[in-house]
Structure formats: structure tokens, C-alpha cells
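Trainee: Let's go through this one together. I'll ask, you answer.

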Amino acid sequence: MTVIELIKVSKSYPQEKIPAAKEISLKIEKGEILALLGPSGSGKTTVLRLIAGFEAPDEGVILLNGNVVSEQGIALPPEKRGVGMVFQDYALFPHLTVSENVSFGLKKMGTRERDQKTAQIIEMVGLSDFQNRYPHELSGGQQQRVALARALAPDPELILLDEPFSSLDPDMCIRMREDVSAILRKTGSTAVLVTHDHEEAFNMADKVALLNQGLLQQYDTPEGIYHTPLSPFVADFVGKADFVPGVIEGGKVVTEMGCLENKTAFQEGDEVMLMIRPDDIDLRPNPEGKAVVLDRQFRGSENHYRVQLSSGQIIHSSQHSTAVYPNQQPVDLQLQITHIVAFAQHEVAQYQREIRT
Ligand code: ADP
Ligand code: MG
């Protein structure tokens with residue numbers, strides 16, 4: 001069942017040269033977590049605010065459970081949509097205790113039902129021992145849990161989270177990603193998570209909508225976005241990607257690193273750029289090898305190598321944490337690519353020009 005559907009939704013702000021969101025279409029099914037991913041200023045918060053009803057679209061339609069809630073210049077207000085929001089700064093009421101913060105949105109319930117519901121949600125987020133504390137008496141992670149509990153308490157149709165982990169330190173951030181995912185799954189919540197961090201999107205979401213400059217670049221599963229990016233921008237934004245020149249010859253993609261079956265839409269004679277991820281390449285030390293190790297970065301669970309090809313191009317390879325080779329070690333490269341992704345050479349060149357400026 002579709003909870004939210006956006007159909008060609010656009011929004012521009014006065015004085016801004018490009019639209020903050022342009023012709024965005026996407027669907028969120030019941031119980032799904034959608035990540036709105038993109039660099040700063042790409043339009044993520046704008047799309048979230050359009051979904052919430054804080055903004056009205058200039059064009060397009062938004063449906064909630066099949067009913068139109070937004071169209072040109074009109075937006076049903078957030079409180080009538082049944083959305084729960086979790087903000088980056090948590091926005092807790094400082095003069096209210098944990099319990100009072102959580103029960104704040106339950107005014108319509110009778111006292112008994114309200115107390116029961118509050119206790120139940122507080123227990124679920126693991127704060128039963130803290131229910132009488134004030135926000136300033138809690139850690140960042142605990143405040144985050146209160147914010148989530150408060151948003152979940154009225155059983156909203158949809159939970160919206162805008163960069164909810166960005167003010168936590170990295171360890172806490174990873175824990176809270178796991179905990180918040182578990183709570184959202186346990187409650188069967190439908191959620192939209194705004195993040196600029198592709199790992200966060202990949203870890204938490206069922207679907208990812210990747211935005212850049214107000215445009216939806218790709219709407220796909222995390223695996224689809226990572227393995228089969230539709231553009232050099234997407235390829236590069238969600239992980240390390242090298243682009244190695246090649247040509248389609250005899251049904252193969254021929255590059256200096258080797259040949260692969262041409263499973264792309266490119267035709268005989270086309271000049272392409274093959275996308276290579278660090279996990280697509282295996283290094284085999286060989287005194288006769290044509291490539292050479294430049295340096296190694298130890299990352300604990302893996303070694304990250306920079307390798308120079310005979311053409312001079314530098315590519316990246318991740319190897320097992322125990323695969324340690326010295327700098328200047330000649331190596332053979334073995335391509336282990338399960339998803340062959342290639343772009344037109346001019347497309348990659350244009351992308352590389354754009355990121356340099
Ligand atoms: P993100 O959340 O991805 O960082 P935003 O949706 O906040 O991006 O912003 C997208 C674009 O819209 C940016 O260029 C930003 O400057 C602009 N913008 C956002 N909110 C407003 C506003 N209230 N008034 C004018 N411009 C805005
Ligand atoms: Mg934002």
C-alpha cells in the first residue's frame with residue numbers, strides 16, 4: 001500500500017536561481033524507510049517539508065494514502081496529515097520532563113490511556129529509568145530517543161527525520177542508526193530520513209532517492225544505487241569510483257586493465273568509461289606486473305591501495321586486512337566485476353569538469 005506519492009513536484013524559492021526541487025516523483029510504501037540523500041543544498045529538506053505540509057508545491061501533486069494533500073499553492077497542514085517529525089536539534093521542550101515531552105502530542109486521549117501509551121513508548125526507546133529527567137539531564141543519544149518517542153507516540157502515518165544524527169559523535173551516531181532502525185521496524189513505521197551520508201542511507205533505508213541541485217538523480221534500492229549508478233555523479237557520491245577508458249570491440253569492453261563481456265547498452269566501436277569500485281579489483285603481486293602499488297592505507301577491516309596503471313592512471317583497490325604489499329610492488333590486476341557499468345567518455349569528462357569548478 002502506498003502511503004505517500006509525489007507526482008512531478010516542484011518548488012522554487014524567490015531569489016534562488018535554480019528550483020530547490022524539480023519534478024520529483026516518488027512513492028513510499030507502508031512500512032518502508034526512504035532515505036532522501038544528497039549533498040548540502042540539494043533539496044532534501046525542501047522535499048521533506050513538502051511531504052510534511054510545511055511548504056506548498058509550485059507544481060505537482062502529493063497524495064497521502066491515495067488522497068490529494070498538496071497541489072499547486074495548497075498544502076494540508078502538517079497536523080492534519082498525521083506526520084511525526086524528528087529534527088536535527090531534537091527540539092525538545094526544555095521545561096518538560098521526558099514523560100511530559102512524550103505525552104505532549106497525546107492530549108486528545110484520556111489520562112489513563114495517555115499514561116499507558118507514554119510509558120509503553122518510553123520503554124520501547126529504552127528510557128524507562130529516565131522518564132522524570134529534563135532534557136538537559138540527558139546525553140545527546142538519549143535526547144534523540146525522546147524526540148523519536150515523542151514523534152512516534154501519536155501513531156503517525158509517517159515519521160520524518162531530518163539529519164537526525166548529525167549532532168552526535170561518530171560512535172553514538174552508529175549506535176543510534178541501529179537503534180532507530182530497530183524501533184522504526186518494530187513499530188512498522190513508514191519513514192523518510194534526510195541524510196547527506198550515503199552509509200547512513202544504505203544502512204537504514206529500503207529505498208534511496210538521491211538528489212542533486214533539486215533533481216532526482218536516481219530512485220532505487222541501496223544496492224541498485226551502489227552497483228548500477230545511472231550517472232557519474234551517482235557513482236561518485238555513494239562510494240569510491242574510478243573511471244577507466246575503454247572501447248567496445250568484438251562484444252567486449254576492452255580496457256588497459258583487461259576485457260569484460262559487454263553487458264552495457266553501448267555498441268561496437270563506442271568509446272566508454274568503465275566504472276570500477278575498489279572492491280572490483282584484486283591485486284596479485286608479480287615482479288612482471290604492469291601496475292604498481294603507490295601506497296596503502298590501513299583501515300582495520302581492509303587495506304586500501306592506490307595503484308598506478310602503465311598509462312599513468314591511478315585507481316583504488318580494497319584488499320583484505322592481512323594483504324599487505326610494499327609501496328612500488330608490481331602487481332597484476334584481476335577484475336572481479338559482477339555489475340558492469342560504463343558511461344560515455346564525454347559524460348564523465350563533463351562531470352569531472354563540474355566537480356573541479
Ligand atoms: P538540503 O536540505 O539538501 O541541504 P534545502 O532543501 O535546504 O537543501 O535547500 C535547497 C535549496 O533551496 C538551497 O539552494 C537553499 O539555499 C534553498 N532554500 C532552502 N530553503 C529556503 C528558503 N526558505 N528561502 C530561500 N531559499 C531556500
Ligand atoms: Mg537540509
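**Pairing, sheets and ligand**

Trainee: Which residue stands opposite Val307 in strand 19?

Mentor: Ile315 of strand 19 stands opposite Val307. Strands here are DSSP runs of E with at least two residues, helices are runs of H or I with at least four, and both are numbered from the N terminus. Two strands count as paired if DSSP finds at least two bridges between them.

Trainee: What should I know about the source and the numbering?

Mentor: This is a predicted model, in which local features need pLDDT of at least 70 and side-chain atom pairs count only at pLDDT 80 or more, while totals for chains, interfaces and linings use all residues. Residues are numbered from 1 along each chain as its sequence is written, chains are lettered from A and ligands numbered from 1 in the order written, and side-chain values use heavy atoms, with hydrogens and water left out.

Trainee: Back to strand 19. How many bridges join it to strand 18?

Mentor: Seven, and strand 18 (residues 302-308) runs antiparallel to strand 19. Gln308 faces Ile314 in strand 19. The two strands form a hairpin with five residues between them, where Gly312 takes a positive phi near 105°.

Trainee: And what about strand 17 against strand 18?

Mentor: Strand 17 (residues 291-298) is joined to strand 18 by six bridges, also antiparallel. Val292 stands opposite Gln308 there. That hairpin has three residues between its strands, and Gly300 in the turn has a positive phi of about 85°.

Trainee: What sheet do they belong to, and in what order?

Mentor: An open sheet of five strands, ordered 16-20-17-18-19, with antiparallel pairing. Strand 16 (281-285) and strand 19 (314-320) are the edge strands, each pairing on one side only. The twist averages 45° from one strand to the next; axes are lines fitted to C-alpha atoms, for helices over the stretch in contact, and angles run from 0 to 180 degrees between N-to-C directions.

Trainee: Where is the 14-13-12-15-21 order found?

Mentor: In an open sheet of five strands, with antiparallel pairing. Strand 14 (258-261) and strand 21 (342-344) stand at its edges with a single partner strand each, so one side of each has no neighbour in the sheet. Here the twist averages 40° from strand to strand.

Trainee: Which helix packs on that sheet?

Mentor: Helix 9 (residues 345-356), which touches strand 12 (242-249), strand 15 and strand 21. Contact means heavy atoms within 4.5 Å. The direction of helix 9 makes about 85° with that of strand 21.

Trainee: How is strand 15 joined to strand 21?

Mentor: By three bridges, with strand 15 (residues 271-276) running antiparallel to strand 21. Leu274 is opposite Ala342 in that pair.

Trainee: And strand 13 with strand 14? How many bridges?

Mentor: Four, between strand 13 (residues 252-255) and strand 14, in the antiparallel sense. Val254 faces Cys259 in strand 14, and two residues link the strands in a hairpin.

Trainee: New topic. What surrounds ligand 1?

Mentor: The residues around ligand 1, with a heavy atom within 4 Å of it, are Tyr13, Glu16, Ala20, Pro39, Ser40, Gly41, Ser42, Gly43, Lys44, Thr45 and Thr46. By class that shell has three nonpolar, six polar and two charged residues; Ala, Val, Leu, Ile, Met, Phe, Trp, Tyr, Cys and Pro count as nonpolar, Asp, Glu, Lys and Arg as charged, and the others, Gly among them, as polar.

Trainee: How far is an oxygen atom of ligand 1 from the side chain of Lys44?

Mentor: It is 2.8 Å from an N or O atom in that side chain. For Glu16, the distance from a ligand 1 oxygen to a side-chain N or O atom is 3.3 Å. A polar backbone atom of Ser42 is 3.1 Å from an oxygen atom of ligand 1.

Trainee: How much of ligand 1 does the protein bury?

Mentor: The protein buries 62% of the 560 Å² that ligand 1 exposes when taken alone. Accessible areas come from the Shrake-Rupley method with a 1.4 Å probe; for residues, only the protein chains shown count as cover.

Note on methods:
Polar contact = N/O pair within 3.5 Å; in protein donor to acceptor, adjacent residues only side chain to side chain.
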